[in-house]
Each structure stands twice: as structure tokens, then as C-alpha cells.
Amino acid sequence: MITRGAQHGRPERWRSDRGALSLEMVVLLPLALSLLFLAVQGAVYYQSRTVALASAQEGARGAAGYEQTDEHGRSAALDFAARAGGDGLLESPDVEVTRDRGNGTVTVRVTGTTMSIIPGWDPQVSQSSTRAIEEFTRVEDFEGSGIDRTERPSW
């Protein structure tokens, strides 16, 4: 047996470093690849959320227009999702349009599944947008409300 360090009172063996790099690669390579896939999945999820939000905003703009229907907003949201999301980014989007006549608003919620590179996981994204419903009013609607029609704006 060859020893070194005997002068310090503790014998040590000479060991070969052969195979140490292979062992390190077996441990570290899967970890590095997992982190890479996780980063790509995060970017895909973020882009899918962005497409869902933009689709909801487009649908809210369409549904809130003067004398527009919920169906107009739904089709605007689906058309935008198909153009921007493409295949796989925002799969099978579902659009829900809700009108609140009391507040005069319309809310569009877009929900869908995004592509996953992690097996067995189908992330869901859901975004919504609310806009005021466009309406034209008559001068008679303001009578009795305390607003003076003859005053000119100060700007």
C-alpha cells in the first residue's frame, strides 16, 4: 500500500480520479436539463397568459361597442386567440361574456390550455378584461340632474 502524508501522522491512499467526471455528468446533466425545460415551460406559460389577456381585451372591445352583442365579443376574442395563439400556445380557448347592466360594463374571460413540455401536466390559463359599454345619451337624459347644458366647458 502506498501512503502519503505519513509525515503528518495520518496515512492516506492514493486514489485514482478515473470516472469522477462521468459520475458528475450523470448527476448534473439531468439537473441542468430539468432546469432548462422548466425555464422553457415558464416562458410558454407566460406567453399563453399574454395571448389570453389580449384575446379578452379584444373581446371586451368588441362586446362593449355601440349596439354590439355578446356574440360579437366572443367571436372577436376567438379570432384573436386563433391568430395570436396559433397551434399549441392557447389550445381550445373558451370565452365567457358577462354584461352588468347596472354598472354599464361588459367582462370577457378567456380560458384555455397551454402547451406543455412536461409530461402529464396541462397548465390552464385564464384572463379577463372589463370595459364600459358604449352608449349614446340624449340631452333630455340630463334634465333634472343638476347639470347646466348652457355652460361651456372650462378647457
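Predicted model: local features only at pLDDT ≥ 70, side-chain atom pairs only at ≥ 80, totals over all residues.
Strands here are DSSP runs of E with at least two residues, numbered from the N terminus.

Glutamate 96 has its place in strand β3, which covers residues 91-100. How exposed is glutamate 96? Its relative accessibility is 44%, so glutamate 96 counts as partly exposed, because that class lies between the buried limit of under 20% and the exposed limit of over 50%.

Now for its surroundings. Once neighbours within four places in sequence are left aside, glutamate 96 is in contact with Thr107, Val108 and Arg109. Of these, arginine 109 in β4 is the residue that stands opposite glutamate 96. Alanine 56 lies 40 residues from glutamate 96 in sequence, with a C-alpha to C-alpha separation of 9.3 Å in space.

| Strand pair | Residues | Sense | Bridges |
|---|---|---|---|
| β3 and β4 | residues 91-100 and residues 105-113 | antiparallel | 8 bridges |
| β4 and β5 | β5: residues 124-132 | antiparallel | 9 bridges |

Glutamate 91 stands opposite threonine 113 in β4, while valine 110 has glutamine 127 in β5 as its opposite residue. As you look along them, keep in mind that side chains in a regular strand alternate between the two faces of the sheet.

Definitions and conventions. Residues numbered from 1 in each chain as written. Heavy atoms only, no water. Pairing = 2+ DSSP bridges. Helix = DSSP H or I, 4+ residues; strand = E, 2+ residues; numbered from the N terminus. Buried < 20%, exposed > 50% of the residue type's maximum accessible area, 1.4 Å probe, protein only. Contact = heavy atoms within 4.5 Å.
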